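Open the model in your viewer and have the selection tool ready. The stops below go from one selection to the next.

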Amino acid sequence: NVTSGEPAVPAPPQPHPPKLLDRVRAACRVRHYSIRTEDAYAAWAERFIRFHGIRHPNAMAEPEVNAFLTHLAVERRVSASTQTQALCALLFLYGAVLGRPLDELKVIRAHRPKRLPVVLTRDEVRAVLGELEGTDQLLGRLLYGTGMRLLEALRLRVKDVDFGLNQITIREGKGDKDRVTVLPRSVRTALQEHLAGVQELHGSDLAAGCGGVYLPAALAAKFPNAAREWGWQYVFPASRVSGDPRSGARRRHHLHESAISRAMTAAVRAARIAKHATAHTLRHSFATHLIEAGTDIRTVQELLGHESVETTMIYTHVLNRGGRGVTSPLDQM
């Protein structure tokens, strides 16, 4: 106070506002987006900023977004799905982080071409699975026998495998929806033996002072001890303990999808199959073979977790009949 002769008290330092990319990550976490979505959105925001010479997005709008998307398509020649991901990231940046949504009518949108899925015949599936070994083979059999997506299988928890009802519950699948699929009887014994080994590994982790597993934030707060319980452990745990990218906690995550992807690529090559088959091809083959065997398409839709039956209908175009089941006139001569 100057008038009283007392020394002036300095104002407390103002905290620095969070950096833009930190705000992007925070906005993703508030909405419970996956770590993959968070990383992707932050990466696209950074690429967009660097493309325009480190300009702040507040100083840019639709013209700069269109210029960036055009660069991706023309110069980088990225796929339509990659360009769409970049667009979604920038729409999120402006709408959820900066609070000034873009006029989507003025933004260039990429249209994904409609492609028929690659499907293996039953003999080809048998040949590919025969080239896989150990955990890779078990995982491959589950992908083909249940129709799960690769990440759905890798994120599977012990408690969601029901041997009594011969079913698997898939939690937080695509669209954040739960669903139930069949547990193949032919894989029961191998899966039970696999889980016995996983339980031993979990016991070793507990003895070593860890043994926890990732849980969604709400569950972790509500059930603080659940992360160490057997039922919450991953069916396909990673080979080593690692640090959580968000919390830094040391724990055992699930297998990385790149491991089974590499094994699948090698198996397809060893089986001398010329098709561009991946782990996801086993899901396509599951659906096609069910429809081919006469399974109701609505049932297949539920097993796959498709929002619309029109998505499931695409498998009717790749049934093992060749050329839509039409007999060529050449064969009638």
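Start by selecting arginine 47 and tryptophan 44: the arginine lies over the face of the tryptophan, 4.4 Å from the ring centre. Keep in mind throughout that this is a predicted model.

For one of them, select tyrosine 33 and phenylalanine 92, whose rings are 5.6 Å apart centre to centre, with 45° between the planes, a tilted pair. Tyrosine 33 is in the loop between helix H1 (20–30) and helix H2 (35–51), while phenylalanine 92 is in helix H4 (residues 80–97), so this pair ties together parts that are 59 residues apart in sequence.

Which partner is buried and which is partly exposed? Phenylalanine 92 has 9% relative accessibility and counts as buried. Tyrosine 33, at 30% relative accessibility, counts as partly exposed.

Next, select lysine 159 and tryptophan 232. Here lysine 159 lies over the face of the tryptophan 232 ring, 4.5 Å from the ring centre.

Finish with the strands. Select S2 (residues 167–170) and S3: the two run antiparallel and are joined by 4 bridges. Within this pairing, glutamine 167 stands opposite valine 182 in S3.

Now show the side chains of strand S3 (residues 179–182), which alternate along the strand.

Conventions: Residues numbered from 1 in each chain as written. Predicted model: local features only at pLDDT ≥ 70, side-chain atom pairs only at ≥ 80, totals over all residues. Heavy atoms only, no water. Phe/Tyr/Trp six-rings, centres within 6.5 Å; stacked < 30°, edge-to-face > 60°. Buried < 20%, exposed > 50% of the residue type's maximum accessible area, 1.4 Å probe, protein only. Lys NZ or Arg CZ within 6 Å of the ring centre and 35° of its normal. Pairing = 2+ DSSP bridges.
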